[in-house]
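Subject: Structure handover and notes

Dear colleague,

Please find the sequence and structure below. My notes on them follow.

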Amino acid sequence: MKNINAMLNCTKLVTLNHIVHNGGLYKRPFNEAFEETPMLVAVLTYVGYGVLTLFGYLRDFMRQWKIEKCQNATEREEQKDFVPLYQDFENFYNRNLYMRIRDSWNRPICSVPGAKVDMMERVSHDYNWTFTYTGRVIKDIINMGSYNYLGFAQKAGTCQEAAAKVLSQYGAGVCSTRQEMGNLDKHEELEKLVARFLGVESAMAYGMGFATNSMNIPALVGKGCLILSDELNHASLVLGARLSGATIRIFKHNNMQSLEKLLKDAIVHGQPRTRRPWKKILILVEGIYSMEGSIVRLPEVIALKKKYKSYLYLDEAHSIGALGPSGRGVVEYFGLSPEDVDVMMGTFTKSFGAAGGYIGGKKELIDYLRTYSHSAVYATSLSPPVVEQIITSMKCIMGEDGTNVGKARVQQLAENTRYFRRRLKEMGFIIYGNEDSPVVPLMLYMPAKIGAFGREMLKRNIGVVVVGFPATPIIESRARFCLSAAHTKEMLDTALKEINEVGDLLQLKYSRHRLVPLLDRPFDETTYEETED
Amino acid sequence: WESFLPSQVLVQPVQLICLYAPAYHLILEGILILWIIRLLFSKTYKLQERSDLTPKEKEELIEEWQPEPLVPPVPKDHPALNYNVVSGPPTHIITVNGKECINFASFNFLGLLDNEKVKSAAQASLKKYGVGTCGPRGFYGTFDVHLELEERLAKFMRTEEAIIYSYGFATIASAIPAYSKRGDIVFVDEAACFAIQKGLQASRSNIKLFKHNDMADLERLLKEQETEDQKNPRKARVTRRFIVVEGLYMNTGDVCPLPELIKLKYKYKVRIFLEESLSFGVLGEHGRGITEHFGINIDDIDLISANMENSLASIGGFCCGRSFIIDHQRLSGQGYCFSASLPPLLAAAAIEALNIMEDNPDIFQTLRAKCERIHELLQGISGLKVVGESFSPALHLQLEESCGSRENDVKLLKRVVDYCMNSGIALTQARYLEKEEKCLPPPSIRVVVTVEQTEQELDKAASLLKEAAQSVLN
């Protein structure tokens, strides 16, 4: 009986405490957990997708034979004999699975995306093919979906006033590129401030975070170079790597043995077939991975990079402002020096409540990017009120505006993160990721629960983000909470109460490993044996 | 029982075979059996292992390997390294490097950059929404302003639907790979801008370049493709084809021959993607772009893409067309799905700019008159030739004779630009990435005309350029 139980509920909790191992590289405990999918749940999920696929085929058949009305938009009459623009099969997932739960995404809001948000009510009378707006506004929904880590998405306050002043002075647009006539004094001020904030020699700012990656990686590496990219890197990093023309090799997510093996093989064997040595090796990692909630093992990556003489490109889109005792990102979180990271990239969208991206590093690097970056030559520069928002919020975080607001927010975010994660784990949900990451993925697995979770939470006035295939592996769909310093304890408690209710309603409490609350002693193998029942 | 003993079952038939089979047959079978036994028992050989290196040799290789520096050093006097610093707003009167000049370099065609109505609309939006949207369109980043802007753009351009992006460059660079995949064929003009080139590179399709505005060359390529198709009709039935052209080319200042392109489209069954960044808000009676300029039905163009950073004086870009085509980008446009949405204040500024465009359709006539005036005034400058149509607001001035190398040409043009800047006219050279462009245009000075420039200012600019050319080039 015990064997069958163990087989059905096979779980492995992998927690690592690197204070003991790895020669003291980590100055603080690194607690990351990815509980394995329970076997029964995996089977049921596959069954669910199977049923949906069968129904999909049935409906396609009915649509083809005109038994059911086809509500898709169609090609023009004059162009019916052109080569079809879309493969029918490509859209199978779109038509039959995505369309059923389409109302969980693209929800329109009509207020500032702070801790509470107002949403426009929309209904569909034809099963999500078209939406109509009733005109009513659902007020004060607790917002657990926007990337507002430090709560700078505000419609009043010093940041907004400063931005308003700059808007009336400079206008909204720029109408030129950086290298031509678009380099305003505001941009130079911003770049000096960013360099000071990060602790690097020099920095450069761009108009779009996605474009920062896709336009600067090709400027840094080209043919004959090697890119080692993490399995779960963001689409912008993947696109930038592809556009550069370099060879790309992928290592397992956050797995240092896999990375080391690739580095060794690359240097020893050289380029494929010609055996020439590689010109340079660039490692692409992110600070916080937004779908997993995991934090990169930066001390080990830096140790490997130094040993094998390669370069490190760190994408801190989610971790800048959110990690570290003073919000300086994942480098400060681990107590390392910013000089060890060759290219520090990040975005201003998440923690600063603005838009755009930056790259920081040594002066030679930034001079080179000023001359050869695609964005500096062909793309419009940042809009002035957006620049002012970044400057004001960054000064607030650094404490240079004379108040303690920035520091208080960073601490509030850390407290909210720990509290929220602990309570969810106690309730029995499977939560992925690192203990300190403000991105909290809660596993749903089954396709029907994706739509149900989103809708039930909205009924209870809480806005959450649910993600499924293709952003995640097919059976690992999840709900993702983004915590914010603007969330008060009451809001978090309300949210937790509702999540608890919905979790019981939808039977989402899959975790077999219940954490003992307030465990003070450090984890090691013996703890694992004790709590497995 | 006895007849079923194994010895009986086996031995008897063998004996029969040995008696009745010919000798050579037996010998052949015997050799075959011996060969099989040999193969079964011989040592299996592996393919030579890739690394016969010992761990010590590997360590040595790792020690010896020296990578190139991350970036090569840039010389201090590189022309692109030292940017012009603009203090204050880049409007009609612009302060560049401390000197006040008249702006002939920013793409502010309709003068909406410092329009008070636009600014107050943006202020109202700022008070309501703050600055950033804190999320992509799919995750609580869709605001009612975005939906309104999309509706207004679709209505203005008279198409079914429009989709907005938060960055002008990313618009066409995300739109092309959403439709054209590996194995598809794209015919693109040689003078296409860099954003189109990056979109094509990301799509991994077969690119066929045709000579700039040369319809005969394009028809030749299309005919070649047709003969290829006849060899392999099955493949031809699933290979999509596209033509990508710009309405008003940024690199050369002339228009594409759209009516001929439409004829070719229906003759060879190719779809057309039109990039209208410069022509939106400039060409046509109401500013609807090149389709209005030539009087073509907008449904004949499959996709129109433009950025809002020129005439609309905002940030971002949009694509418009039929719902059948545009809706696909909401799930496959990389710059749309994986990037934060446009800040609401910029969307509100764009809506107000559209309002102004709709209410004052005569600014387009005014702009065209000014373009034609400066085009005429700039003719006859010794040493410089004007490149661009007479109604194009973005002209190029190229050297009539190159002095040997591109570097020297650039230096010479810089002296002309500096002369003008010192005397109060702000100009800039057109910047390119020399190693990355497919067909690098020659170095040139960019002259941009806006509605805010008065006739005296146009005259002043023209005479200053004449003087500069005289003193520098002779």
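Helix H6 (residues 168-179) of chain B has twelve of its twelve residues buried, so H6(B) is largely enclosed by the rest of the structure. Buried means under 20% relative accessible area, exposed over 50% and partly exposed in between, with a 1.4 Å probe and protein chains only. Helices (H or I, at least four residues) and strands (E, at least two) are DSSP runs, numbered from the N terminus. The buried residues of H6(B) run from Gly168(B) and Phe169(B) to Ala178(B) and Tyr179(B), with Pro177(B) also among them.

Before the rest, the conventions. This is a predicted model, in which local features need pLDDT of at least 70 and side-chain atom pairs count only at pLDDT 80 or more, while totals for chains, interfaces and linings use all residues. Residues are numbered from 1 along each chain as its sequence is written, chains are lettered from A and ligands numbered from 1 in the order in which they are written, and side-chain values use heavy atoms, with hydrogens and water left out.

Annotated spans. In an unreviewed entry, UniProt lists residues 20-41 and 162-180 of chain B under "transmembrane region". UniProt positions are given in the numbering used here, feature names are shortened, and annotations may be inferred rather than shown by experiment. In the model, residues 20-41 of chain B are 91% helix and 0% strand, with the end C-alpha atoms 32 Å apart. Residues 162-180 of chain B are 63% helix and 21% strand, and the end C-alpha atoms of that span lie 19 Å apart. For chain A, UniProt lists residues 39-58 under the heading "transmembrane region", again from an unreviewed entry. That span is 100% helix and 0% strand, with 29 Å between its end C-alpha atoms.

Another buried helix. In helix H7 (residues 194-203) of chain B, nine of the ten residues are buried, so H7(B) is also largely enclosed by the rest of the structure. Its buried residues include Phe194(B), Gln197(B), Lys198(B) and Ser203(B). Arg204(B) follows H7(B) and has a positive phi, near 60°.

Cores. A nonpolar core is a set of buried Ala, Val, Leu, Ile, Met, Phe, Trp, Tyr and Cys residues joined through side-chain atoms within 4.5 Å. The largest has 244 residues, and the members that touch the most others are Phe420(A), Leu424(A), Phe453(A), Phe481(A) and Leu378(B). Helix H14 (residues 344-359) of chain B supplies the largest share of this core, eleven residues. A second, separate core has 44 residues, including Ile163(B), Phe169(B), Val186(B) and Leu433(B). Contact means heavy atoms within 4.5 Å. Leaving aside neighbours within four places in sequence, the contacts of Leu424(A) include Phe429(A), Val440(A), Phe481(A) and Ile499(A).

Strands. Two strands pair if DSSP finds at least two bridges between them. In chain A, strands S6 (residues 226-230) and S7 (residues 247-251) run parallel and are joined by five bridges; Leu226(A) has Thr247(A) as its bridge partner in S7(A). The chain passes from S6(A) through helix H7 (residues 235-244) of chain A to S7(A) in a right-handed β-α-β crossover. Right-handed here means that, with the strands pointing away from the viewer, the path from the first strand over the helix to the second runs clockwise.

In chain B, strand S9 (residues 303-307) is mostly covered, with five of its five residues buried. Leu303(B), Ser305(B) and Asn307(B) point one way from S9(B), and Ile304(B) and Ala306(B) the other. Strand S8 (residues 271-275) of chain B runs parallel to S9(B) over three bridges, with Leu274(B) partnered by Ile304(B). S9(B) also pairs with strand S10 (residues 317-321) of chain B, antiparallel over five bridges, and here Ala306(B) is partnered by Phe318(B).

Cysteines. A search of the whole structure finds zero disulfides over all chains, a disulfide being a pair of cysteine sulfur atoms within 2.5 Å. Cys110(A) is in none, and the nearest cysteine sulfur, that of Cys134(B), is 16 Å away. Cys110(A) counts as buried at 11% relative accessibility. The sulfur of Cys256(B) is 13 Å from the closest cysteine sulfur, in Cys193(B), which is too far for a bond. Cys256(B) is buried as well, at 1% relative accessibility.

Regards
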